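Please look through the sequence and the model first, and then take the topics one at a time.

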Amino acid sequence: MVSPFFIGAIGNALWAGAPLAAVLEQAGVSDAATEVVFWGADAGDVELHDDIRDVTMHQNFARSMSLNDAMNPENILCYEMNGVELPGRNGFPLRLIAPGWYGVANVKWLTRIELRNRRFMGKFMARDYVTIRKETTEDGETVWAETSVGPTRLKSAPARVTQGDAGHRIVGAAWGAPIARVEVRIDNGPWLEATIDRSEEAEFAWSIWSLDWKDAGPGEHAITSRAIDAAGNVQPAPDDPWIAGKQTYWESNGQITRRVQIG
Ligand SMILES: Nc1nc2c(c(=O)[nH]1)N[C@H]1C(S)=C(S)[C@@H](COP(=O)(O)O)O[C@H]1N2
Ligand SMILES: [Mo]
């Protein structure tokens with residue numbers, strides 16, 4: 001499946017729980033530990049049948065992080081969502097919430113947290129949720145890189161166009177890093193700076209932005225947005241090698257163009 005972005009698969013919620021770092025520290029972290037594995041209660045069969053392997057593994061869902069990433073004070077062992085007990089489908093009784101990571105890192109229905117001294121290469125680290133990218137090195141050599149889906153990347157998207165007395169307004173969201181600015185391009189015009197609603201901001205939630213569009217003529221228009229983070233990084237265009245060289249749909253943070261019809 002190739003989709004420009006995953007409509008409906010994202011949202012914002014308020015999460016509460018116990019800090020993961022404090023729990024690990026209390027349990028005692030060995031000097032040898034480098035990797036933290038989070039295991040969920042759900043399981044399935046993983047089949048590996050080829051010339052050198054012939055196994056069926058009944059495995060529970062698991063994802064890992066480096067010990068360094070796991071110790072980030074923002075990570076919580078979460079038991080509350082939007083002020084109420086964590087709902088079953090969102091991971092009751094306990095899940096990991098690792099702010100700033102893509103959904104898959106946030107293991108639900110936790111049964112076990114394990115420290116290891118080797119990289120963990122389970123199905124959801126090394127087979128699924130792997131971004132495949134064709135890259136060109138400084139020497140002009142082509143390399144195929146496979147990397148596990150990691151922290152969220154800088155992104156924005158135009159969400160909708162509304163019409164009021166003073167004209168049209170384009171509204172959208174930006175997320176994935178502290179957002180410094182959002183710019184919007186209408187058709188092939190210049191990039192225009194949108195206004196970010198700072199009153200609604202929370203560090204890991206969407207930044208909602210808008211741009212007044214006063215002279216929208218009838219017909220079809222193309223609207224593109226790009227976010228710029230506090231470090232000056234710009235959300236990449238679709239022809240940026242980082243996006244163009246990517247063969248899988250995960251981590252698709254390229255600029256999005258939406259077509260609207262003005263009547
Ligand atoms: N145990 C377990 N945790 C899991 C998953 C899963 O299949 N099993 N799916 C992951 C993925 S891919 C996503 S996007 C989120 C979705 O859960 P949410 O809607 O509560 O955020 O859970 C993550 N945690
Ligand atoms: Mo997901």
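Over the face of which residue does Arg-133 lie? In this predicted model, Arg-133 lies over the face of Trp-242, at 3.4 Å from the ring centre.

**Charges over rings**
- Besides Arg-133, which sits over the ring of Trp-242, Arg-226 is placed over the face of Trp-191, and its distance from the ring centre is 4.0 Å.

**Aromatic pairs**
- Across the whole structure, a search finds 6 aromatic pairs.
- One of them joins Tyr-129 and Trp-250, whose ring centres are 5.3 Å apart and whose planes stand at 40 degrees, so the pair is tilted.
- This pair links distant parts of the chain, 121 residues apart, since Tyr-129 belongs to the loop between helix H3 (123-127) and strand E8 (130-136), while Trp-250 belongs to the loop between helix H4 (241-244) and strand E17 (256-262).
- Tyr-129 is partly exposed, with a relative accessible area of 27%, and ring pairs link Tyr-129 into a cluster with Phe-61, Phe-124, Tyr-249 and Trp-250.

**An open sheet**
- An open sheet is formed by 4 strands in the order E10-E11-E15-E14, and the pairing is antiparallel.
- Strand E10 (155-164) and strand E14 (195-196) stand at the edges of this sheet with a single partner strand each, so one side of each is left without a neighbour in the sheet.
- Strand E10 pairs with strand E11 (residues 167-175) in the antiparallel sense over 9 bridges, and Val-161 stands opposite Ile-170 in E11.

Note on methods
Residues numbered from 1 in each chain as written. Chains lettered and ligands numbered in written order. Predicted model: local features only at pLDDT ≥ 70, side-chain atom pairs only at ≥ 80, totals over all residues. Heavy atoms only, no water. Phe/Tyr/Trp six-rings, centres within 6.5 Å; stacked < 30°, edge-to-face > 60°. Helix = DSSP H or I, 4+ residues; strand = E, 2+ residues; numbered from the N terminus. Buried < 20%, exposed > 50% of the residue type's maximum accessible area, 1.4 Å probe, protein only. Lys NZ or Arg CZ within 6 Å of the ring centre and 35° of its normal. Pairing = 2+ DSSP bridges.
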